[in-house]
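Let's take a walk through this model together, one region at a time. Have the chain open beside you and follow along.

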Amino acid sequence: MKVIILENYDEVSREAARIIARQVLRKPASVLGLATGSTPEGTYANLARMCDEGLISFQEVVSYNLDEYVGLKPEHEQSYSYFMKQKLFDHIDIRPENTHLLSGIAEDVQRECDAYEMAIDRSGGIDLQLLGIGGNGHIAFNEPSDAFAPSTHRVKLDERTCADNARFFDRVEDVPSHALSMGIGSIMRARSILLLATGKNKAEAIRNTVQGPVTPQVPASVLQLHPDVTLLIDAEAASLLLAQTEAESNA
Ligand code: PGA
């Protein structure tokens, strides 16, 4: 696991965009796993600018998003489908038919999840998976639990996740209680993984991810076992990591 500590959110966003740009330049038909949430917004803005300036093209890129809220239609302003259009897809030259998101309104949930896994497989697997991390250590919507989910599935959202995401809704009661999410297995099958985290409220999750035991109670800790993971974090998200490292080196 490579941990890169940068000064702030803007630095993290710029470096993340550079890593994704390099991937797309090396392999124009890359399969990208994409994430939502506040964290990747700056990365997407940088990618849109690079595309606008003619530095990179997404014409051959295929994308799969990590998750979607159950019950929200794609046009809903808080759906991840809407988010992706607003923050990235409408600003780059990716083909709409090459972008994939789980449907939050699928009637047959199992079928939707199975079809998603098969589609990723048919595309050749994910080359680069972008991740955020929840304050509770979740990746995608894989919440702390007793086992690692092997594949795309329906999840009940944690209380902390609902509270964290309430800022996007009028009331905390409006946050959907369930989501469809790629599983830990789906994420671990990606050839490379880039996780972004900024701010103090991610510090504990980052420490547990990097320095804690591998446990489904901290879903992101599984990344310790992946052969190609880069963590791009800012000084605040790294603060508890540094404290522990200093304590160790003083011991
Ligand atoms: P955030 O969410 O980027 O909005 O902090 C990250 C996540 O919950 O995975």
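Ala-140 is buried, at a relative accessible area of 10% (buried means under 20% relative accessible area, exposed over 50%, partly exposed in between, with a 1.4 Å probe and protein chains only). Ala-140 sits in the loop between strand 6 and strand 7; helices (H or I, at least four residues) and strands (E, at least two) are DSSP runs, numbered from the N terminus. Its phi is near 50 degrees, a positive value in a residue other than glycine. Most residues other than glycine have a negative phi.

A word on what you are looking at: this is a predicted model, where local features need pLDDT of at least 70 and side-chain atom pairs count only at pLDDT 80 or more, while totals for chains, interfaces and linings use all residues. Residues are numbered from 1 along each chain as its sequence is written, and side-chain values use heavy atoms, with hydrogens and water left out.

Three strands make an open sheet in the order 4-8-7, with antiparallel pairing (two strands pair if DSSP finds at least two bridges between them). Strand 4 (67-69) and strand 7 are the edge strands, each pairing on one side only. From one strand to the next, the twist averages 25 degrees (axes are lines fitted to C-alpha atoms, for helices over the stretch in contact, and angles run from 0 to 180 degrees between N-to-C directions). Strand 4 is joined to strand 8 by three bridges, and Glu-68 stands opposite Leu-180 in strand 8. Strand 7 (residues 153-156) pairs with strand 8 (residues 178-181) over four bridges, with His-153 opposite Ser-181.

In a regular strand the side chains alternate between the two faces of the sheet.

Next, Gln-129 in strand 6 (residues 128-131). Gln-129 counts as buried because its relative accessibility is 0%. A polar atom of the Gln-129 side chain lies 3.4 Å from the backbone oxygen of Gly-33. Among the residues Gln-129 touches, not counting those up to four places away in sequence, are Leu-34, Leu-66, Met-182 and Ile-193 (contact means heavy atoms within 4.5 Å).

Arg-191 lies in the loop between helix 6 (184-188) and strand 9 (192-197). At 43% relative accessibility, Arg-191 counts as partly exposed. The Arg-191 side chain reaches the backbone oxygen of Gly-124 at 2.8 Å and that of Gly-125 at 3.4 Å. Arg-191 and Pro-227 are 36 residues apart in sequence but 8.4 Å apart in space, C-alpha to C-alpha.

Finally, the gaps. The search uses a 1 Å grid over the protein atoms alone: a cavity is a set of points where a 1.4 Å probe fits but cannot get out, a pocket is an open set with protein on both sides within 12 Å along at least five of seven lines, and lining residues have an atom within 4 Å of a point. Grid points are joined across faces, edges and corners, and a volume is the space filled by probe spheres set on the points. The largest pocket has a volume of about 630 Å³. Its lining has 33 residues, of which Thr-36, Gly-37, Ser-38, Asn-165 and Arg-167 lie nearest the centre. The largest cavity has a volume of about 40 Å³, and its lining includes Ile-20, Tyr-44 and Phe-58.

Terms used. Polar contact = N/O pair within 3.5 Å; in protein donor to acceptor, adjacent residues only side chain to side chain.
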